[in-house]
Amino acid sequence: MTEDPRINRLFPIQAKGLSLQEALAFPSGVGRWVRAVFVASVDGAATVAGHAGGLGNDIDKQLFALNRALADVILVGAGTARTEIYGPAEDDPQWRHLRDNRSPTAPMAVVSHSLDLDFSASLFTEAPDSAKTILITCADAPARARAAAAEVAEVIVAGHSSVDLSAAIGALHNRGFARIVCEGGPQLFTDLLEAGGVDELCLTRSPNLVAGAETTILRGGQFEPPIDLELESLYGTEDGYLYLLYRPVA
Ligand SMILES: NC(=O)c1ccc[n+]([C@@H]2O[C@H](COP(=O)([O-])OP(=O)(O)OC[C@H]3O[C@@H](n4cnc5c(N)ncnc54)[C@H](OP(=O)(O)O)[C@@H]3O)[C@@H](O)[C@H]2O)c1
């Protein structure tokens, strides 16, 4: 097993060489918890040449994998699933011990209105029975695609002309998924914030400037008033990356 990577806590109390697992532990005794996970450059870009992968360092990749292992379910927007060619989560030996009494991997839950997805792709056909992919859609999604989806995935219908994300989170929780890790993307994160459905943002800040027309971690118009965040903790590594845990101010 690879060793638990170490990072330095800079806030609230400085401490060197903490384990990533300790840093990212979910709060205890809170029941349902939705953690959104993103990486962004110093100027706010969430992609380089259209993909997030160009921004993360090795620790960020491990942070991403650790969050997957901590998750009961991995929530993702269809845009990200299409662009990043999502498959089922992989059984990760490094973090397998975190999944005692749970399925070896967490299921993917993909949010889509159009259902414009390849149902013959590994995301649907190679997900194990213990972590069958879930599709979260709304009532006016195309009926034929919905029937095709039901052949290969568990389908949750929440809302009429767009997915009602509060209802969707409630439906996941009713199925026993309490720790919900949302891997974005920007549209889903925006909608989730508007629905009051985010408990925590786990943001890696990469020490680069990207510029250009790259997307940020949000889409659409401004929040008025802005959503205030409270910094829960801040970690860093010597290569200049920062790892922030924020919570929306209630
Ligand atoms: N830096 C990072 O950490 C990070 C993380 C994730 C993604 N990204 C990047 O972000 C880009 C994708 O951005 P995106 O905004 O398109 O991603 P997204 O939020 O993953 O996908 C948007 C799509 O999700 C569905 N959706 C989201 N909210 C919905 C709602 N309330 N009701 C119904 N459907 C809903 C819709 O799917 P349908 O179109 O199927 O209806 C919508 O078009 C990619 O380039 C990816 O690499 C970066």
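**Close-up views of a predicted model**

View 1. Residues are numbered from 1 along each chain as its sequence is written. Phe124 belongs to helix α4 (residues 122-125); helices (H or I, at least four residues) and strands (E, at least two) are DSSP runs numbered from the N terminus. Apart from neighbours within four places in sequence, Phe124 is in contact with Phe119, Thr133, Val152 and Ala153 (contact: C-beta atoms, placed from the backbone, within 7 Å). Between the C-alpha atoms of Phe124 and Ile134, 10 residues apart along the chain, the separation is 8.8 Å.

**View 2. The sheet.** An open sheet of 11 strands has the order β2-β1-β10-β11-β9-β3-β8-β4-β5-β6-β7, with mixed pairing; two strands pair if DSSP finds at least two bridges between them. β2 (15-19) and β7 (154-157) are at the edges and have a single partner strand each, so one side of each lacks a neighbour in the sheet. On average, neighbouring strands of this sheet are turned by 25° against each other, direction ignored (axes are lines fitted to C-alpha atoms, for helices over the stretch in contact, and angles run from 0 to 180 degrees between N-to-C directions). Helix α7 packs on the sheet and touches β3, β4, β5 (108-111) and β8 (179-182); the direction of α7 makes about 130° with that of β8.

**View 3. Strands β1 and β2.** Strand β1 (residues 6-11) and β2 run antiparallel and are joined by 3 bridges. Arg6 stands opposite Ser19 in β2.

**View 4. Nonpolar cores.** The largest nonpolar core has 53 residues, and Ala36, Ile74, Ile180 and Cys182 have the most contacts inside it (a core is a set of buried Ala, Val, Leu, Ile, Met, Phe, Trp, Tyr and Cys residues joined through C-beta atoms within 7 Å). β3 gives the largest share of this core, 6 residues. A second, separate core of 12 residues includes Ile7, Leu20, Leu63 and Tyr235. Not counting residues up to four places away in sequence, Cys182 touches Val34, Arg35, Ala36, Val37, Leu75, Leu188, Phe189 and Leu192.

Technical notes:
This is a predicted model: local features need pLDDT of at least 70, side-chain atom pairs count only at pLDDT 80 or more; totals for chains, interfaces and linings use all residues. Two residues are in contact if their C-beta atoms, placed from the backbone, lie within 7 Å. A residue is buried if 20 or more other C-beta atoms lie within 10 Å of its own, exposed if 12 or fewer, and partly exposed in between; C-beta atoms are placed from the backbone.
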